[in-house]
Amino acid sequence: MTREVTFSKAVNEAIAEEMRRDKSVFLMGEDVAEAGTPFKVLSGLVEEFGTDRVLDTPISEPGFMGIAIGAAMTGSRPIVDLMFGDFLYLVMDQLCNQAAKTHYMSGGKLNVPLVLRTNLGATRRSGAQHSQSLHALVAHIPGLQVALPSSAFAAKGLLKTAVRNDNPVVIFEDKLMYQEKGPVPEGEYQIPFGEAEILREGEHVTLVGTSSMVQVCGEAAEILDDDGISAEVIDPRTIVPLDEQTILDSVKKTSRAVVVDEGHRNFGVTAEIASRISEKAFYYLDAPVIRLGAMDVPVPFSPALEDLTVPTPESVADMARRICHGEHVHGA
């Protein structure tokens, strides 16, 4: 049976179900217990599981990340709540030098089954230090897996998979999506990593979006319908591992691709996906692969300026329309 629940509720359910299933799972982070995090995603968990398994930490991200890695290496499965994705910079040594490399450096004798939950996304009026989308940073590091849920259904299924994974996993949730509702089954389910979802089939252009940009691509596809352009929309769901084959198969069918991500365009996720398409489906392309990402500037606090920095359904539709009409364009 399926019901409509918010993205926030889906995350909460996933954590509660995994903590009931496995006593080695615990939750830690700033304000995760009494406050339930600033976005209230974790409300109610401390009442059920107590402060031994839902731990409020000091405001010391490097400290509690190190504790979580040690716990993961010695039999626990911690879920670490990092209040804002921007705070990744504070835990990069623990995450990228310790968690990501321990299995390799121990000759496979040690695992770090750790989940780092954090968020991304601009247009929330939070300023340059609380609005970044930094998933490309950790996707660059071998040993880490990276998931980007775009719906309540994906949020729950990917998180449950992450908790049961023996590798360190970083999950980025778009902070603007927490109150969005979607269908979520009542029963047990997981979403395998490395399996993209084709949300909409099309014939003329492939739109690949991540996180909230999946919705942007879906809205762009509806705009393009009015122009007689049929767009296929793909949600990779995880960028590490990346389901390259589903994307390539789509592009071989449509001959055109637009890749959309809220991270900065330079050296980011759009560049990686576009390069794989260009390398492995070059002779099927009728136009260059177009990339749309966040403007390469710090995210402004001014609403009027902030809204200009990220892709919109209109900008995605415009690029897709132009390459379908044979115009020479470049992404933005």
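The structure is a predicted model, in which local features need pLDDT of at least 70, side-chain atom pairs count only at pLDDT 80 or more, and totals for chains, interfaces and linings use all residues. Residues are numbered from 1 along each chain as its sequence is written, and side-chain values use heavy atoms, with hydrogens and water left out.

The overall layout comes first. The domain assignment gives domain 1 (2–185) and domain 2 (197–326); such bounds come from an automatic or database domain assignment. The C-alpha centres of domain 1 and domain 2 are 26 Å apart. Across the boundary, 26 residues of domain 1 are in contact with 23 residues of domain 2, where contact means heavy atoms within 4.5 Å.

The helix pairs can be read next. Helices (H or I, at least four residues) and strands (E, at least two) are DSSP runs, numbered from the N terminus. Axes are lines fitted to C-alpha atoms, for helices over the stretch in contact, and angles run from 0 to 180 degrees between N-to-C directions. Angles under 35 degrees count as roughly parallel, over 145 as roughly antiparallel, 65 to 115 as roughly perpendicular and the rest as oblique.

Helix α1 (residues 7–21) and helix α7 (residues 152–164) have axes that come within 8 Å and cross at roughly 25°. This makes α1 roughly parallel to α7. The crossing of α1 and α7 is right-handed; a crossing is right-handed if the near helix is turned clockwise from the far one by less than a right angle, and left-handed if anticlockwise. On the α1 side, the contact is made by Phe7, Ala10, Val11, Glu13, Ala14, Ile15, Glu17, Glu18 and Arg21, while α7 supplies Ala152, Ala155, Lys156, Leu159, Lys160, Val163 and Arg164. Sorted by class, the residues of this contact are nine nonpolar, no polar and seven charged. Here Ala, Val, Leu, Ile, Met, Phe, Trp, Tyr, Cys and Pro count as nonpolar, Asp, Glu, Lys and Arg as charged, and the others, Gly among them, as polar.

Helix α3 (residues 61–73) packs with helix α4 (residues 88–99) at an angle of about 20°, their axes lying 7 Å apart. The two helices, α3 and α4, are therefore roughly parallel to each other. Their crossing is right-handed. In this pair, Glu61, Pro62, Met65, Gly66 and Ile69 of α3 meet Leu90, Val91, Gln94, Leu95, Gln98 and Ala99 of α4. The contact of α3 with α4 has seven nonpolar, three polar and one charged residue.

Helix α9 (residues 244–254) and helix α10 (residues 269–280) pack at about 60°, with axes 10 Å apart. That angle makes α9 and α10 oblique to each other, and their crossing is right-handed. Glu244, Ile247, Leu248, Val251 and Lys252 from α9 meet Ile273, Arg276, Ile277 and Lys280 from α10. By class, five nonpolar, no polar and four charged residues form the contact of α9 with α10.

Thr246 is found in α9 and, with a relative accessible area of 19%, is buried; buried means under 20% relative accessible area, exposed over 50%, and partly exposed in between (1.4 Å probe, protein chains only). Leaving aside residues up to four places away in sequence, Thr246 touches Ala196, Ile198 and Ile234. In the loop between β12 (238–240) and α9 lies Pro241, and the peptide bond from Val240 to Pro241 is cis, with omega near 0°. Ser255 sits in the loop between α9 and β13 (257–264). Although Ser255 is not a glycine, its phi is positive, at about 75°, and at 13% relative accessibility Ser255 counts as buried.

Two further loop residues complete the tour. Thr123, in the loop between β5 and α6 (135–139), has a positive phi near 65° and is a residue other than glycine. With 24% relative accessibility, Thr123 counts as partly exposed. Gly107 belongs to the loop between α5 (102–105) and β5 (115–120) and, at 64% relative accessibility, counts as exposed. From Gly107 to Glu314 the separation is 207 residues in sequence and 50 Å in space, C-alpha to C-alpha.
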